[in-house]
Amino acid sequence: MAERGWRRLLAGHPWFREPGAYPLPAYSEFMPPPRLGRKPYGEVDEALFADGDDFGWHVSARQELDELRPGLERIASQLLHVIHHLGHGDPAHGISRHKLQDNAHWPAELQESGAPAHERYVLISALALSRTQDDKGRVRWTLFGGSDQGPARPFWRGLFVDPTHESGNGEDFVSGLLRSAYQERSSSSSGFRVFSNDEEVLPRWAERMRWSPRQSLRGVRYVLTFEPFASLPAVLREAYRKGDVHLLPFPGSLVFWGVGAYGALQRELPQATQIPLLHSVARHESPGGIRVPQSGWLHEQTAEGPQPHRHHGPFRQTYQRTHRWARVRRDQDELDAVSPREDKIAHVLFSTGEDDLGLYGKPMARNSQIWSSDHQLVLDGPRATPEALRAAQRRVRAGGTFGYRFFYPPM
């Protein structure tokens, strides 16, 4: 019988009993992923996996209270601020003009008119989360950006406890959402429908509420859909713009999955479609909450290119290091506690100067990913060879505009 669920992660164990199969990297040069599920010694981690639940991933109450709940609230607050500005036609942090070009989730017709007056800016966002190690060896829940599975599949699969059995709380979630955002009593009596062109398997309750373009919109007030706005039936687009129908989530909140350049970059850099959403969330290193590595754009000035590429952003040109020897409390945010000195990104990534090669000042290129202004891969740090690192250094220091994210491999 084929291994199912989490057991597939452990297939072939022990796989490390041969020369070179179990490397121990120097953490000061490259922060590797934390060991998952089963270490070279001991049995399966029962706090994470259970024999009777092939598809469950156990999250402790401490992780939920200390990391996930406050972290998700913080991320949601920043994203809501961004999409509210987008809906009003104002500059939105992390959503540059380039991200809106030919974006089917927020097409030209909405960029010109903005969100209709009845919009409540409901956010249902699929995030890519995993556990990583920080520079003190602590294993932390970390945001990688928007889900590379797209905005719809994680939502619908999240309503199943395994590939064939529903969780049974989907209708309660929708009723709670309508009650909190629109003061509706229940989904069954509020004119709620679901529209999906996907082949994704929906829960039975959602199938019963599915709307098709062959049907009338009479009596329909709320439509849950993750389809790009530009591809919605004309009658539904018009009903939304006139204020007759609410779309859940707010169409502009899906704009992160409509940036074609990152889809093209994904052919060279796996999971590159995570990055557009990550740009809208600020770096966060505090033990309370979800870790958010820094991402953005940098510009190395040259005589031929003195100004940054004007269609990209956000530009985050400097980086503040954290150190093991910083005198901070376990629950304190190191970015507030340590010296506020910040160095240029290119210096942090590549410098091998004598003053930078102490135990905690080594170049961080191995824990980074870099791409050019036209979204061509420059460096995939965790997979890079020494020659690839040197080539990336030469290219960045030759000047130009580059996107980057600090990347700590997931467990």
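Is F195 buried or exposed? In this predicted model, F195 is buried, because its relative accessible area is 4%, under the 20% cut-off. The residue sits in a loop, between strand β3 (192–194) and helix α6 (204–208). Set aside its neighbours within four places in sequence, and F195 still touches W211, P213, V223, L224, T225, E227, L232 and P233. Take P213 from that list. F195 and P213 are 18 residues apart in sequence, and their C-alpha atoms are 9.0 Å apart in space.

Now turn to H118. This histidine also lies in a loop, the one between α3 (108–113) and β1 (127–133). H118 counts as buried because its relative accessibility is 16%, and the limit for that class is under 20%. What does the side chain of H118 reach? It reaches the backbone oxygen of V245, at 2.8 Å.

Next come the aromatic rings. How many aromatic pairs does the structure hold? There are 19. One of them joins F144 and F407, whose ring centres are 5.5 Å apart. Their planes meet at 70 degrees, so this pair is edge-to-face. F144 belongs to strand β2 (residues 139–146), while F407 falls in the segment after β11 (400–406). The pair therefore ties together parts that are 263 residues apart in sequence. Both F144 and F407 are buried.

F256 and W257 make another edge-to-face pair. Here the centres are 6.4 Å apart, with 80 degrees between the planes. F256 is buried, and W257 is buried too. Ring pairs also build a cluster. Its members are F155, W156, F173, W205 and F226.

Finally, look at the surface. Which residues form a nonpolar patch there? They are L9, W57 and V59. Together they have about 260 Å² of accessible area. V59 is placed in the segment before helix α1 (61–87). With a relative accessibility of 38%, V59 counts as partly exposed. F195, by contrast, is buried, with a relative accessible area of 4%.

How values were computed:
Residues numbered from 1 in each chain as written. Heavy atoms only, no water. Helix = DSSP H or I, 4+ residues; strand = E, 2+ residues; numbered from the N terminus. Buried < 20%, exposed > 50% of the residue type's maximum accessible area, 1.4 Å probe, protein only. Polar contact = N/O pair within 3.5 Å; in protein donor to acceptor, adjacent residues only side chain to side chain. Patch = residues over 30% accessible without salt bridge, like charges linked within 9 Å, V, L, I, M, F, W, Y side chains within 5 Å. Areas by Shrake-Rupley, 256 points an atom, 1.4 Å probe, with all protein chains shown as cover. Salt bridge = Lys/Arg side-chain N within 4 Å of Asp/Glu carboxyl O. Contact = heavy atoms within 4.5 Å. Phe/Tyr/Trp six-rings, centres within 6.5 Å; stacked < 30°, edge-to-face > 60°.
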